[in-house]
Amino acid sequence: MASGRPAVAATTVLLFALGCSGAGETGAPAAQSTAPPGIASPASPPPAAAGPGAPGIGDPDFPGDGNGGYDVEHYALKLGYTPESRHLSGVATIKAKALHELTSFNLDLSGFTIERISVSDGGDSWQRGLAFERSGDELTVAPVNPIPAGAAFTVEVVYAGEPKPVRGSSNLGTYGFIPTRDGAFVTCEPNGAKTWFPGNDHPADKALFDFEITVPAGLTALANGELDGEPVTRDGKTTYVWREKHPMVTYLATMTLGRFELREGETASGIKNLAAVDPRYRDSLDDLYTLSGKITDHWATVFGPYPFSSTGGVVDDFSAGYALENQTKPMYGGFDPDEDIIAHELAHQWFGNSLSITRWKDLWLNEGFATYSEWIWSEHQGKSTAEQIFRRHYSADDDDPIWSYPPGRAEPDDLFNNSVYTRGGMALHALRQRIGDQVFFDLLKTWTTDHKYGYVTTEEFIALAERLSGKQLDALFDVWLFRQGKPATW
Ligand code: TRP
Ligand code: ZN
């Protein structure tokens with residue numbers, strides 16, 4: 001689901017206003033364009049001549065990630081998993097739109113044996129048992145007849161095998177589908193979705209997701225969005241159907257499996273709330289549920305209405321030591337989450353999940369904002385103010401590594417550097433100091449409203465900050481985001 005051209009976006013906005021669907025029978029809103037007039041949005045490059053779809057979506061830092069030539073609208077993932085054998089069987093049905101005439105196209109998939117690939121270009125005419133090629137994590141599918149430019153088409157991939165997580169070559173650690181004793185811990189940022197389903201594994205292509213997950217009876221399967229009906233148990237297996245009805249990037253998708261204790265209900269403002277914890281973290285369940293609800297409601301007053309249909313969180317017994325902002329269900333890996341990290345992951349539901357980056361170099365738009373949100377939460381709680389936290393970080397020595405890494409340009413071999421988080425948060429505080437609380441908080445709400453369910457770039461944020469404040473802010477953003485060295489004045 002790419003942003004369309006500006007004319008398309010205008011239509012989408014109009015449909016929103018009318019309360020109609022912009023995305024077919026699912027009744028879900030379509031992702032909105034953020035592309036300035038005359039500039040094609042990232043996932044829809046200028047129409048190319050007929051030919052193969054590109055093996056990458058065009059992020060120069062991650063050239064193999066995602067794919068070109070098409071735009072996914074919807075993933076339907078039918079998945080079965082047995083923890084004992086670590087066997088996953090999947091049927092992925094992917095609805096997409098061709099951006100140019102496609103003689104072939106690529107999907108990202110890591111491992112597995114492919115049993116069958118079929119393509120339909122609409123109607124009932126399926127081309128089954130298609131030829132495909134695999135090279136590394138690229139799967140190339142060649143339909144018998146090329147897919148016409150602009151056509152909606154459906155790909156079905158039947159696959160099976162033992163999922164293997166990505167063991168980060170750099171400092172990313174292990175991510176993707178991670179088997180655990182009683183199931184799986186699935187956290188995929190930045191490009192680990194390909195470890196459990198074929199797709200366009202880059203944030204520049206959002207889509208809607210349906211999951212149908214079958215596990216041995218007694219286990220719970222947790223995915224994004226909300227359950228559709230009660231789980232059904234038959235022949236010792238239970239099937240859970242989850243639907244995420246809002247656009248989602250692939251790295252936020254999850255199918256976390258295992259034994260879980262659940263608490264369900266609604267936040268004070270009426271948002272569905274689901275907390276799930278591995279029995280080992282039983283004592284965290286009530287706090288996770290209560291804090292997630294309270295913080296989601298508070299963020300809605302600061303950042304604008306909650307963009308999704310449910311909130312909550314999951315604590316699993318896998319000592320990742322980190323958390324991920326999985327859409328509607330942030331995941332906490334092997335620790336008792338405190339309110340700072342819950343505030344962080346829930347802030348991501350706006351910054352990163354509703355508003356998504358199209359290039360990994362802009363990651364501070366996710367992590368800097370989520371980190372700054374922790375400081376706002378602290379201030380709101382009557383603890384340290386954001387100013388105090390800013391000063392504490394600002395007092396770091398001149399040779400502290402935070403000053404040698406400009407956070408506005410996240411480096412592919414060190415994406416999640418502390419600077420992207422902390423100095424990114426400091427950049428927002430420097431901005432708040434300069435433009436004042438009223439304009440700053442108006443800016444946050446305008447930003448989340450203008451790009452709801454869409455895509456964002458750093459340039460767009462700077463332009464909006466300048467427009468709303470009426471100030472020239474190049475120097476401020478330059479020293480905080482793009483320059484090496486400890487900023488002295490701004
Ligand atoms: N985005 C996560 C955060 O909020 C950090 C993160 C990056 C992560 N990559 C991950 C977490 C992979 C789990 C798996 O800080
Ligand atoms: Zn984060």
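Colleague: In which loop is Pro-190 found?

Modeller: This is a predicted model. Pro-190 lies in the loop between strand 12 (183–187) and strand 13 (207–216).

Colleague: Where is Arg-86 found, and what is its phi?

Modeller: Arg-86 is in the loop between strand 2 (70–82) and strand 3 (87–98). Its phi is positive, about 60°, although Arg-86 is not a glycine.

Colleague: How far apart are the end C-alpha atoms of helix 6?

Modeller: Helix 6 (residues 418–450) has 33 residues, and a straight helix would reach 48 Å at 1.5 Å a residue. Its end C-alpha atoms are only 28 Å apart. Helix 6 also bends by about 120° at Gly-436. At the start of this helix, a side-chain oxygen of Asn-417 comes to within 2.7 Å of the backbone nitrogen of Ser-419.

Colleague: How do the axes of helix 7 and helix 8 cross?

Modeller: Two packed helices are described by the angle between their axes and the distance between those axes. Here, helix 7 (residues 458–469) and helix 8 (residues 474–482) have axes that come within 11 Å and cross at roughly 145°. The crossing is right-handed.

Colleague: Which residues meet there?

Modeller: Thr-458, Phe-461, Ile-462, Ala-465 and Glu-466 of helix 7 meet Asp-474, Phe-477, Leu-481 and Phe-482 of helix 8. By class, this contact has six nonpolar, one polar and two charged residues. In an α-helix there are 3.6 residues a turn, so residues three or four places apart point the same way.

Technical notes. Residues numbered from 1 in each chain as written. Chains lettered and ligands numbered in written order. Predicted model: local features only at pLDDT ≥ 70, side-chain atom pairs only at ≥ 80, totals over all residues. Heavy atoms only, no water. Helix = DSSP H or I, 4+ residues; strand = E, 2+ residues; numbered from the N terminus. Expected span 1.5 Å × (residues − 1). Bend = angle between axes of the 7 residues up to and from the residue. Polar contact = N/O pair within 3.5 Å; in protein donor to acceptor, adjacent residues only side chain to side chain. Axes fitted to C-alpha atoms, helices over the stretch in contact; angles between N-to-C directions. Left-handed = near helix turned anticlockwise from the far one by under 90°. Contact = heavy atoms within 4.5 Å. Nonpolar A, V, L, I, M, F, W, Y, C, P; charged D, E, K, R; others polar.
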